[in-house]
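Please examine the sequence and the model shown below. The paragraphs that follow lead through selected features of the fold, one region at a time.

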Amino acid sequence: MENIDKQYEESLEFLYSQLPMFSRVGAAAYKPGLDRTIALDNLFGNPHRKFRSIHIAGTNGKGSTSHMLASVLQAHGYKTALYTSPHLIDFRERIRINGKMIPKEKVIDFTKRWHESDSDINPSFFELTMTMAFDWFASENVDIAVIEVGMGGRLDSTNIITPIASAITNISFDHTQFLGDTLAKIAGEKAGIMKPGITTIIGEATEETETVFRNHAVATGATLKEAYNTPLLTSFTPDDEWGWQCSSPITGDFHLPLAGEYQKKNINTLLNILNILPDVGIELNKEKTREGIEKVIENTGLMGRWMRMSSSPLTICDTGHNEAGLRYNLHQLNEIMQKRHKTTPDAKLFMIIGFVSDKDVDHILPLFPKDAVYYITQAAIPRAMPVDILADKCEANGFTIAGKFDSVKEAAAAATNCAAPSDVIYIGGSTFVVADYLK
């Protein structure tokens with residue numbers, strides 16, 4: 001076992017250090033286009049053609065939607081693969097079958113096969129690890145794979161698949177340097193996953209993006225289903241325990257254990273996806289669908305979505321990192337604090353935040369509460385915005401800064417040490433801040 005662990009760590013070191021990895025270094029790792037992915041796919045025998053798939057894109061919500069969908073399919077007895085990114089703690093979180101991460105031996109074997117191929121393809125980290133996932137899924141004869149887009153859609157490596165169904169959860173501003181500086185341009189990139197004769201579910205749309213989606217569907221011959229015009233979620237009320245009590249004609253009553261307010265949109269998108277699956281040969285029933293949604297965390301290992309880490313003080317971490325996602329989170333935080341202040345007027349909000357250096361924080365920071373206490377930190381990745389730079393920006397916005405910390409662990413320890421049982425601690429701003437906290 002020790003030898004396996006050593007070989008696995010060596011394989012990871014190669015993947016992390018030899019290949020450009022967007023989540024760590026940013027724009028330098030971005031390699032748009034499908035030529036390298038197609039070449040890799042050919043090299044490994046076209047594994048993506050050996051299983052059915054469902055393709056999920058979107059600015060926010062694609063991860064939650066992908067995990068819920070995989071859990072529902074798994075609950076019905078389908079051997080279900082799930083490919084997502086980025087990971088939070090363990091690289092293998094990205095690649096799962098029926099909730100179980102790819103074995104270390106399979107990572108070692110694939111990396112060795114890649115080395116021995118002596119190929120000159122020169123892939124990115126994402127391209128190679130996606131091919132690793134598809135290769136494993138094919139070798140395990142999965143019934144269906146839920147594939148989350150990495151970035152955009154049209155030029156994303158995952159777009160080599162021809163799925164049985166697709167979904168685009170929503171469109172908002174993120175990665176504008178690659179996808180475009182208007183919602184219409186971003187929608188155009190994400191609409192690139194549409195395929196002739198394949199149904200694409202649109203979770204949310206504005207007048208601007210709706211036109212793009214409808215025009216693209218006509219141009220490609222895709223079938224469009226607009227979830228926002230087909231409300232299948234009939235109730236969505238807070239559960240005192242944590243999460244939401246919901247109802248739908250597809251499921252009946254069910255408990256959603258994902259407590260973020262933004263899940264209301266995601267669950268309606270999911271229900272619309274499920275509603276069309278019988279048309280493509282995926283049979284479902286209410287009982288198993290309900291079970292799959294209620295056991296999404298248990299079945300898939302989903303983490304970092306409005307995740308309660310402690311009740312006293314209430315400590316929440318969330319991977320929301322762009323303007324649209326943070327608006328939801330900050331609105332929900334405000335509601336929590338208003339309720340707290342009715343019984344405990346002196347309850348405080350502690351914000352542990354960090355961002356990546358290429359994030360347009362000047363437009364994001366004004367959304368944050370002025371009456372909170374801030375602990376400024378940075379994730380342990382090269383892309384992280386240095387604490388001094390972020391602290392200066394926070395001071396310019398009139399924030400009260402309790403301290404600057406070179407690690408998320410130190411910031412969390414300091415905030416927890418100062419917080420009373422009735423206070424609230426929020427950890428976020430960047431996926432990688434949450435990842436460091438969970439580690």
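This is a predicted model: local features need pLDDT of at least 70, side-chain atom pairs count only at pLDDT 80 or more; totals for chains, interfaces and linings use all residues.

**A guided reading of the model**

Helix H16 (residues 408-418) presents another arrangement. Which of its residues are buried? They are Val 408, Ala 411, Ala 412, Ala 414 and Ala 415. These residues cover an arc of only 165° around the axis, and therefore they lie on the same side of H16. In general, an α-helix has 3.6 residues a turn, so residues three or four places apart point the same way. On the other side of H16, Lys 409 and Asn 417 are exposed. The buried residues of H16 pack against strand S14 (349-353), strand S15 (373-376), strand S17 (424-428) and helix H17 (431-438).

Aromatic side chains form a further theme. How many aromatic pairs does the model contain? The count comes to 15 aromatic pairs. One of them is formed by Tyr 16 and Phe 125, which are stacked at 5.9 Å centre to centre, with 25° between the planes. This pair links distant parts of the chain, since Tyr 16 belongs to helix H1 (residues 2-18) and Phe 125 to helix H6, 109 residues apart. Phe 125 is buried, with a relative accessible area of 2%. Trp 136 and Phe 137 form a tilted pair, at 6.2 Å centre to centre and with 40° between the planes. Both of these residues are buried: the relative accessible area is 7% for Trp 136 and 0% for Phe 137. Trp 136 and Phe 137 also belong to a cluster linked by ring pairs, together with Phe 51, Tyr 83, Phe 126 and Phe 134. A ring also takes part in an arrangement with a charged residue: Arg 92 lies over the face of Tyr 8, at 5.8 Å from the ring centre.

The backbone itself deserves attention at several points. Most residues other than glycine have a negative phi, and most peptide bonds are trans. Where are the cis peptide bonds described here? One runs from Ser 85 to Pro 86, with omega near -10°. Pro 86 lies in the loop between strand S2 (80-83) and strand S3 (95-97). Another joins Ser 312 and Pro 313, where omega is about 0°. Pro 313 is located in the loop between strand S12 (307-311) and strand S13 (314-317).

Two asparagines have a positive phi although neither is a glycine: the value is about 55° for Asn 46 and about 60° for Asn 122. Asn 46 is placed in the loop between helix H3 (35-43) and strand S1 (52-57), whereas Asn 122 lies in the loop between helix H5 (104-117) and helix H6 (125-139). Are these residues buried or exposed? Asn 46 is buried, because its relative accessible area of 16% is under the limit of 20%. Asn 122, at 52% relative accessibility, counts as exposed.

Another loop residue is Thr 319, found between S13 and helix H13 (323-343). At 12% relative accessibility, Thr 319 counts as buried. Which residues does Thr 319 touch, not counting residues up to four places away in sequence? The contacts are with Leu 88, Gly 304, Arg 305, Thr 431 and Val 434.

The cysteines complete this reading. A search of the whole structure finds zero disulfides.

Conventions:
Residues are numbered from 1 along each chain as its sequence is written. Side-chain values use heavy atoms; hydrogens and water are left out. Helices (H or I, at least four residues) and strands (E, at least two) are DSSP runs, numbered from the N terminus. Buried means under 20% relative accessible area, exposed over 50%, partly exposed in between (1.4 Å probe, protein chains only). The arc is that of the directions from the helix axis to the C-beta atoms. Contact means heavy atoms within 4.5 Å. Rings of Phe, Tyr and Trp (its six-membered ring) pair if their centres lie within 6.5 Å; planes under 30 degrees apart count as stacked, over 60 as edge-to-face and the rest as tilted. A charge sits over a ring if NZ of Lys or CZ of Arg is within 6 Å of the ring centre and within 35 degrees of the ring normal. A disulfide is a pair of cysteine sulfur atoms within 2.5 Å.
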